[in-house]
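Please look at the sequence and the model shown here.

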Amino acid sequence: MKVKLLTLFTLLMVYISSCAPTEQMQQGQPVTAEEETPSVTVEDYQRAEQMLSWNVSDKVTRQSVSPQWISNSSFWYQVTTENGSEFVLVDAQSQTRELAFNHSRLASALSGFSGRPVDENNLPLRGLSFSDDLNRIHFTYSGSQLECSLGTYNCTETDSAPESVSNSVPSPDGKMAVYIKDYNLWVKNLETGEDIQLTTDGVEYHGFGINNQGWNRSDRPIVKWSPDSKKISTFRLDERGVGKMTLWRTEVGRPVADIWPYALPGDEVVPMLERVVIDVENQSKTWLDVEPAHQRTSNCCGLNRGLDWADNEWSDNSEKLAFVSTSRDYKEVTLYLANPENGDVEQVYHERDEIFFESNLTSRGVPNWRVLHDSDEFIWFTRKSNWGHLYLHDLSTGNLKNQITDGDWNVIDIVKVDEGDRTIWFTAMGTVEGVDPYYQHLYKINFDGSGMTLLTPEPLDHSVNLSPDGNYIVSTHSDFQNPQVTVVRDFDGNTLMEIEAADASELFNTGWRAPEPFSAKARDGETDIYGIMILPSNFDENKSYPIVNYIYPGPQVGSIGNRSFSSVRRGQAHALAELGFVVVQIDGFGSPLRSREFHTYYYGDMSDNGLPDQIAAMEQLADRYNFIDLNRAGIYGHSGGGFATASALFQYPEFFKVGVSGAGNHDNRGYTYYWGEKFQGLLEETEGGDTYTNQANHLQAKNLEGKLMISYGTMDTNVHPSMTLLVVDELIKHNKDFDLVVMPNRGHGYGSEPYHIRRSWDFFVNHLMGATHPDAYQINR
């Protein structure tokens with residue numbers, strides 16, 4: 001579809017609506033002398049500012065533990081404290097916990113080495129590791145690699161710090177790093193400093209390992225190293241003929257154009273991957289004998305997980321390569337097995353989902369399939385039963401051997417597979433009756449489906465980390481209202497010792513209120529949906545409060561995010577609540593982590609956005625709590641939430657009176673083809689236009705009745721500003737008043753910039769609360 005671009009002259013004619021300070025004025029009723037306009041004071045804004053993420057993030061200590069395993073039973077971690085941080089050593093077998101070393105003596109040693117003072121509470125140790133006997137530590141400091149004795153605290157320089165290779169992917173043995181130069185792959189030998197060219201035939205728009213997914217670009221290559229560090233699985237990306245996007249960076253004088261390939265729904269020519277294995281020692285290529293693949297992963301979002309190319313798995317001996325290819329419409333997935341020496345490829349298994357396939361239900365989760373070469377089997381994840389479960393298949397035939405997990409709940413992540421003991425450790429949601437179905441728990445189960453054991457029994461949300469042999473578990477549990485507790489468990493889930501308990505006292509001393517979780521019924525009146533309600537610190541149940549919904553409709557994530565304790569919720573919700581609002585976040589139909597039916601509820605009509613569920617839940621809350629004024633309902637969100645916010649005001653003007661819409665993908669015909677073609681379907685022409693007509697916000701803009709603030713970043717390479725300008729153009733055509741905030745030279749993530757936050761606060765205070773606000777309040781960051 002040809003998109004009509006607004007001229008600069010048209011943009012300059014945008015009418016920025018004037019603010020109506022009271023509800024009476026919005027309704028055309030004059031304010032009498034006896035009626036004083038309510039006001040939100042500078043003190044209120046200051047209190048709200050103290051609830052912003054950068055002001056509360058350091059007010060919870062001992063919250064996060066990331067174990068670094070030294071052996072099968074011992075590990076170290078760094079944890080924040082009230083004074084800075086400390087390093088802790090744990091031996092799970094002997095159930096001991098102690099400081100990993102004398103922080104004061106090490107600080108003195110480092111100060112002596114560098115001639116600069118070193119704070120013992122903020123030791124700058126990069127790449128820390130321990131010797132097997134725990135008597136020495138190694139790390140990088142001040143450009144040098146040091147070894148320090150933990151007996152004498154003498155530190156000696158063992159070598160200069162290895163050269164840093166920007167935008168590279170290191171090999172498993174740490175000796176090489178692969179990077180892109182002039183559309184070809186190179187490796188740097190980190191021991192000798194030598195640069196070696198691996199490919200020579202890469203050219204612009206047809207280069208090796210190129211990480212351009214349209215909505216997301218990086219100079220770091222997309223690769224998967226073999227375990228022996230001798231081979232690389234990657235691709236040559238064919239972008240020749242792919243349509244381009246253009247943005248203009250504002251500069252003095254002429255603006256500077258950024259132009260790059262960006263495929264859209266319905267495009268005939270889209271990027272394609274030509275799979276290849278590169279022998280690093282011989283600088284040779286082996287092309288895999290398979291058709292070019294679409295730029296897809298078997299779950300959302302993007303091709304890489306961390307530094308690895310997803311849906312690629314080498315055998316432990318590096319002799320075989322398994323990979324999954326996903327069709328353009330995400331309905332079909334195929335597992336292949338390749339010989340990296342000669343390029344031979346055999347198809348192992350194929351599955352079709354009539355809506356869209358998912359191999360992991362979390363955004364950017366590692367696909368939940370594993371090839372077991374020793375036993376000639378593979379583990380497969382599918383939602384063919386309406387729930388995400390694991391299945392065991394024969395690798396030679398592809399035939400199903402048995403279903404491993406079963407029930408009305410979802411496997412989330414395969415954490416560990418022990419092929420010898422035929423045991424799988426995995427996380428799951430929805431398994432424990434009577435608690436939030438989004439709480440995550442750890443289980444183990446045998447390959448044949450027997451012996452399923454709950455290893456984290458607390459009725460809370462869990463994050464877990466296993467020892468290399470799986471005999472010990474480090475787990476952290478919490479919920480919206482209870483800070484993190486981290487424990488060490490044995491093989492069967494029994495708690496051996498508590499190693500950390502988060503201290504949130506400083507946070508609570510600010511007046512911060514924990515979110516209040518709730519459940520409600522969805523639009524169908526039957527399905528339970530879940531949300532949180534955030535109230536101001538000076539909440540008074542006898543007062544009446546406007547209600548504001550922070551929305552992110554998915555479909556790859558929901559509005560709330562994880563259920564663990566956090567000082568910050570999405571959308572800076574605590575800060576907004578502090579101004580005198582009830583702020584809610586609700587996961588409705590169309591969001592993930594529930595059944596397939598729940599997740600795909602509005603497939604083919606993304607403008608649904610779960611809005612009927614948001615309204616239903618808000619109405620039920622207002623029935624429960626007299627302090628909620630449903631006649632003053634607002635909504636805000638960014639990206640997909642910006643799309644949903646504008647859609648809410650256009651589709652439900654009688655309910656949502658005020659909205660703040662940021663960086664919205666308002667018409668997915670102008671957004672990346674991976675998104676729309678997965679959740680809306682392939683674009684096809686119809687008598688009334690095409691199959692995307694129903695989701696286009698600008699076609700509904702004429703329905704605006706309330707107050708809408710729209711914003712965008714002029715250098716947003718994810719969600720192109722053109723989609724917002726289509727909405728702006730239609731609002732102008734229909735003579736609608738609205739506010740437009742343009743963020744020059746900003747990308748997609750401007751939502752937490754102080755200026756944008758302040759303008760959003762002012763907008764809700766004026767139009768939803770019907771109050772005045774401080775003039776040009778300055779938020780500091």
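This report goes through some strands, then some salt bridges, and then a charged patch.

The model is predicted, so local features need pLDDT of at least 70 and side-chain atom pairs count only at pLDDT 80 or more, while totals for chains, interfaces and linings use all residues. Residues are numbered from 1 along each chain as its sequence is written, and side-chain values use heavy atoms, with hydrogens and water left out.

**Strands**

Helices (H or I, at least four residues) and strands (E, at least two) are DSSP runs, numbered from the N terminus. Two strands pair if DSSP finds at least two bridges between them. Strands of a sheet pair through backbone hydrogen bonds, either parallel or antiparallel.

Four strands form an open sheet in the order 33-34-35-36, with antiparallel pairing. Strand 33 (410-418) and strand 36 (453-454) stand at its edges with a single partner strand each, so one side of each has no neighbour in the sheet. Seven antiparallel bridges join strand 34 (residues 423-429) to strand 35 (residues 440-446); F426 has Y443 of strand 35 as its bridge partner.

Is strand 44 (residues 582-587) buried or exposed? Buried means under 20% relative accessible area, exposed over 50%, and partly exposed in between (1.4 Å probe, protein chains only). Six of the six residues of strand 44 are buried, so the rest of the structure largely encloses this strand. V582, V584 and I586 point one way, and V583, Q585 and D587 point the other way. Strand 42 (residues 528-534) pairs with strand 44 in the antiparallel sense over five bridges, and I532 has Q585 as its bridge partner. Strand 43 (residues 545-550) pairs with strand 44 in the parallel sense over three bridges, with I547 opposite V582.

**Salt bridges**

A salt bridge is a side-chain nitrogen of Lys or Arg within 4 Å of a carboxyl oxygen of Asp or Glu. The whole structure has 42 salt bridges. The table lists some of them.

| Pair | Closest N and O atoms |
|---|---|
| K285 and D201 | 3.5 Å |
| E458 and R489 | 2.6 Å |
| D629 and R632 | 2.8 Å |

K285 and D201 are 84 residues apart in the chain. K285 is partly exposed, at 30% relative accessible area. E458 is buried at 19% relative accessibility, and R489 is buried at 0%.

**Charged patch**

D173, E191, D228 and E281 gather in a patch of negative charge on the surface. Patches are made of residues with over 30% relative accessible area and no salt bridge, with like charges joined within 9 Å and nonpolar side chains (Val, Leu, Ile, Met, Phe, Trp, Tyr) within 5 Å. D228 is partly exposed, with a relative accessible area of 31%.

Note on methods:
Accessible areas come from the Shrake-Rupley method with a 1.4 Å probe; for residues, only the protein chains shown count as cover. Lys and Arg count as positive and Asp and Glu as negative; His and the chain ends are not counted. The place of a charge is taken as NZ of Lys, CZ of Arg, CG of Asp or CD of Glu.
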